[in-house]
Amino acid sequence: MTPALLLPAGLFALAALAIPLVLHIARRTESRTVEFAALRWLEARPKPRRSLRLEELILLVVRLLLLALIALWLARPVLWDVQDGRRIVALLPGVDSPPAGDDDERRVWLAPGFPAVGGPVPAVPANPVSLIRQLDAELPPSTPVTVVVPSVLDGVDAERPRLSRSLDWQVAGPAPAAPAPTRRSPPALTVRHAPGDEAGVRYFRAAATAWAAADTEPAFESGPADQRIPRDTTRLVWLAPGPVPAPVVGWIRNGGTALMALEARAPVEGETQVVWADTTGEPLAVAGRLGAGRVIRLTRPLEPASLPLLVEPEFPDALAQMLSPMPPPARVASAALAPLTGAAPYDQPPLDLRPWLALIIALLFAGERILATRRARAVAP
């Protein structure tokens, strides 16, 4: 442990120590003068010189100590490198059989606030991986950590956590069997183009054909921009230049998803994000919100010279991901989510001593008041 002061300038308050010294030096014991008639016949003599004398030393010491502690409190004293070397065992609520603890470890729930095991069991957190990262950040680098989780974790993100330490990752229970893969239904596609200009329609017809199963008709419908959009449309490709008609904008606001050509103009609320990029990272399409729906806008003209990926085999999959993005994984076998190491350690905050000093100051102030107001203080006759 290393003591330190975060605000050394607060020690200038030690100059206040002169106040009680001056008061105690200036103070003299109270005396009463008794007049005698015979004193009138005595000659006046010079008063003897009085020596410097401090009275009520105990009260003076208490006052000096009180002011010194207040000055130290203002300087914000702390202790660095205060570590609890005991192992931390973090249990995720829901584990079947947590291991038995001993006196050399602290057992906490992997829940907000990290409550100690032994009290009420908290609810299962929405994102346990975030709590694991927080626990790693709040503990000194030398503290050993054990994390006990059930065989399946819900509410996780798509990346294994990378921590500053190597922890003991324990899975309570066998890993579940992998679920059978499910095939996602391709989106039904509706295309609207400028009258007499069907050049770009063929790319989306080819993509819809690639989505369809063998010997089945693709879920595809196209027509000029002035043709009414079918009621059951959920994915629209708008290739007509200029402002998008108000009925189409209203359809998007009600939850529709529309892919716009570069020349089309549709409002977007808030910021946009890249949803399609080429091999060099250059954006090919950006998406933004409009009410309850989404607007996807191409950043290049719809032609192979500007957009070579239109004729590549990856285009149908890229188009399906743009129009119907896959949700991020939120359920994973715990054994596959064991944290990695390599993250930089976090700086640990020092131990603040001001709460303890405040308690001592309050006790000293109470003692000073008792000494200063007691009835037995010296009064000379």
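This is a predicted model: local features need pLDDT of at least 70, side-chain atom pairs count only at pLDDT 80 or more; totals for chains, interfaces and linings use all residues.
**A sheet, a helix pair and a cavity**

In strand β4, R106 is the bridge partner of I88. Strand β3, residues 87–91, runs parallel to β4, and five bridges join the two.

These strands belong to an open sheet of four, ordered β4-β3-β5-β8, with parallel pairing. Its edges are β4, residues 105–109, and β8, residues 168–172, each of which pairs on one side only. On average, neighbouring strands in this sheet are turned by 20° against each other, direction ignored.

How many cavities of 30 Å³ or more does the structure hold? There is one. The largest cavity has a volume of about 30 Å³. Its lining consists of I132, L135, D136, V145, V147, R165 and L167. Helix α3, residues 128–138, and strand β5, residues 145–150, each supply at least two of the lining residues, and α3 gives the largest share, with three. By class, five lining residues are nonpolar, none is polar and two are charged.

Helix α4, residues 201–211, packs with helix α6, residues 315–323, at an angle of about 90°, the axes lying 9 Å apart. The two helices are therefore roughly perpendicular. On the α4 side, the contact is made by Y203, F204, A207, A210 and W211; on the α6 side, by F315, P316, L319, A320 and L323. By class, this contact has 10 nonpolar residues, with no polar and no charged ones.

Key:
Residues are numbered from 1 along each chain as its sequence is written. Side-chain values use heavy atoms; hydrogens and water are left out. Axes are lines fitted to C-alpha atoms, for helices over the stretch in contact, and angles run from 0 to 180 degrees between N-to-C directions. Angles under 35 degrees count as roughly parallel, over 145 as roughly antiparallel, 65 to 115 as roughly perpendicular and the rest as oblique. Contact means heavy atoms within 4.5 Å. Ala, Val, Leu, Ile, Met, Phe, Trp, Tyr, Cys and Pro count as nonpolar, Asp, Glu, Lys and Arg as charged, and the others, Gly among them, as polar. Two strands pair if DSSP finds at least two bridges between them. On a 1 Å grid over the protein atoms alone, a cavity is a set of points where a 1.4 Å probe fits but cannot get out, and a pocket is an open set with protein on both sides within 12 Å along at least five of seven lines; lining residues have an atom within 4 Å of a point. Grid points are joined across faces, edges and corners, and a volume is the space filled by probe spheres set on the points.
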